Amino acid sequence: MLRTALISDIHANLEALQVVLADIETKNVERVINLGDILGYGPNPVECVDLVAERCEWSLMGNHDFGALYEPTNFNAAAEASAFWTRAQFEAEQDNKLAAARWEFLGRLRVRVTYGDFLCVHGSPRRPINEYVFPEDAINSPVKMQQIFDRVDKYCLVGHTHVPGVFTDEPDYYPPDDLDSVYKFQNGERAIINPGSVGQPRDMDPRASYAILDETEKKVEFYRLEYDFAAVAEKIHAIPELSDWLGDRLMEGR
Ligand code: ZN
């Protein structure tokens, strides 16, 4: 039996991450992997990096991790300000050894990981850090979906859109609600799976999202969890460098 918890897009939301990791502990899971964007938008980047470093077998590089570590590219004003504020939180660490360990962890985030039948990237197989695979692409952008699926042998795990669900190569998209929260792999198909966002869901459901990939049972289970959104929004509102809107959106899941 191999059960892997898939988390993504934590976005420095410690309360959501703690709730998700506690739930994972009850689910008979052998390991946790993170599909990127530990950082950006949220109020607790340092704490989230420490927890991910401790609990995840490996982590991918997301565009916001890249933005805080190197430079924010194609970010709106709120995202760029949050990237610079985030970097300053790591620079403020007084313990040199601890600071160095965190920079090293961030510098070692991986752009692409393959294991067994699975290709793992934050964005898309074509542009692993920055390209979005949106649910509406399955309807509006068949050529884009074809080009993306051309790079998928069997299964691909992604984050980045903050919208959970499964893409098949028809192309089609299935939100977890249409699947009764369980997707069963079909023989011979190709699929792209997104576990949704731990710390900033954007499917109009503010609850933290994650998934469990069960390779023995050949299925993916999707989970949603309540956490104290209001407390996190309040923390964001108290930090002048973080736009109030970043707190407000958490309450609405958008
Ligand atoms: Zn993200």
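Author: Contact here means heavy atoms within 4.5 Å. The model is predicted. With that cut-off in hand, Pro45, Val46 and Val49 of helix 2 meet Trp85, Thr86, Gln89 and Phe90 of helix 4.

Reader: How many residues of each class are in the contact of helix 2 with helix 4?

Author: Five are nonpolar and two are polar, and there are no charged residues.

Reader: What describes two packed helices?

Author: The angle between their axes and the distance between the axes describe such a pair. In this structure, helix 2 covers residues 45-55 and helix 4 covers residues 77-91. Their axes are 9 Å apart and the packing angle is about 70°. Angles of 65 to 115 degrees count as roughly perpendicular, so helix 2 is roughly perpendicular to helix 4.

Reader: At what angle do the axes of helix 4 and helix 5 cross?

Author: They cross at roughly 135°, and the axes come within 9 Å. Helix 5 spans residues 96-107. That angle makes helix 4 oblique to helix 5.

Reader: Which residues in helix 4 meet which residues in helix 5?

Author: From helix 4 come Arg87, Phe90 and Glu91; from helix 5 come Arg102, Trp103 and Leu106. By class, this contact has three nonpolar, no polar and three charged residues. Phe90 is listed in the contact with helix 2 and also in the contact with helix 5.

Reader: Now the metal. Which residues coordinate the zinc ion?

Author: Asp9 and Asp37 coordinate through OD, and His11 and His162 through NE2, at 2.0 to 2.4 Å. In sequence, the spacing of these donor residues is D-x1-H-x25-D-x124-H. Asp9 and His162 are 153 residues apart and link distant parts of the chain. Asp9 is in the loop between strand 1 (3-7) and helix 1 (14-25), while His162 is in the loop between strand 6 (155-157) and strand 7 (165-168).

Reader: What are the angles among the four donor atoms of the zinc ion?

Author: They run from 85 to 178°, and the site is irregular. To count as tetrahedral, four donors need all angles between 85 and 135 degrees.

Reader: Is Asp9 buried or exposed?

Author: Buried means under 20% relative accessible area. Asp9, at 0%, therefore counts as buried. His162, at 1%, is also buried.

Reader: Next, the backbone. Where is a cis peptide bond?

Author: The bond joining Glu170 and Pro171 is cis, with omega about 5°. Pro171 sits in the loop between strand 7 and strand 8 (172-174).

Reader: What is the phi of Met204?

Author: Phi of Met204 is near 65°, which is positive in a residue other than glycine. Met204 is in the loop between strand 10 (191-194) and strand 11 (208-214). Its relative accessibility is 58%, and Met204 counts as exposed. Lys218, not a glycine either, has a positive phi of about 55°. Lys218 is in the loop between strand 11 and strand 12, and is partly exposed at 48%.

Reader: Where does Glu226 lie?

Author: Glu226 is in the loop between strand 12 (219-225) and helix 8 (229-237). Its relative accessible area is 54%, and Glu226 is exposed. Leaving aside neighbours within four places in sequence, Glu226 contacts Val19 and Arg207.

Reader: Which helix holds Ala231?

Author: Ala231 is in helix 8. At 27% relative accessibility, Ala231 counts as partly exposed.

Notes. Residues are numbered from 1 along each chain as its sequence is written. This is a predicted model: local features need pLDDT of at least 70, side-chain atom pairs count only at pLDDT 80 or more; totals for chains, interfaces and linings use all residues. Side-chain values use heavy atoms; hydrogens and water are left out. Axes are lines fitted to C-alpha atoms, for helices over the stretch in contact, and angles run from 0 to 180 degrees between N-to-C directions. Helices (H or I, at least four residues) and strands (E, at least two) are DSSP runs, numbered from the N terminus. Angles under 35 degrees count as roughly parallel, over 145 as roughly antiparallel, 65 to 115 as roughly perpendicular and the rest as oblique. Ala, Val, Leu, Ile, Met, Phe, Trp, Tyr, Cys and Pro count as nonpolar, Asp, Glu, Lys and Arg as charged, and the others, Gly among them, as polar. Donors are N, O and S atoms within 2.8 Å of the metal (3.2 Å for Na, K and Ca); water is not among the atoms, so sites may look incomplete. Four donors count as tetrahedral if all angles lie between 85 and 135 degrees; four count as square planar and six as octahedral if opposite donors are over 155 degrees apart and all others between 65 and 115; anything else is irregular. Buried means under 20% relative accessible area, exposed over 50%, partly exposed in between (1.4 Å probe, protein chains only).
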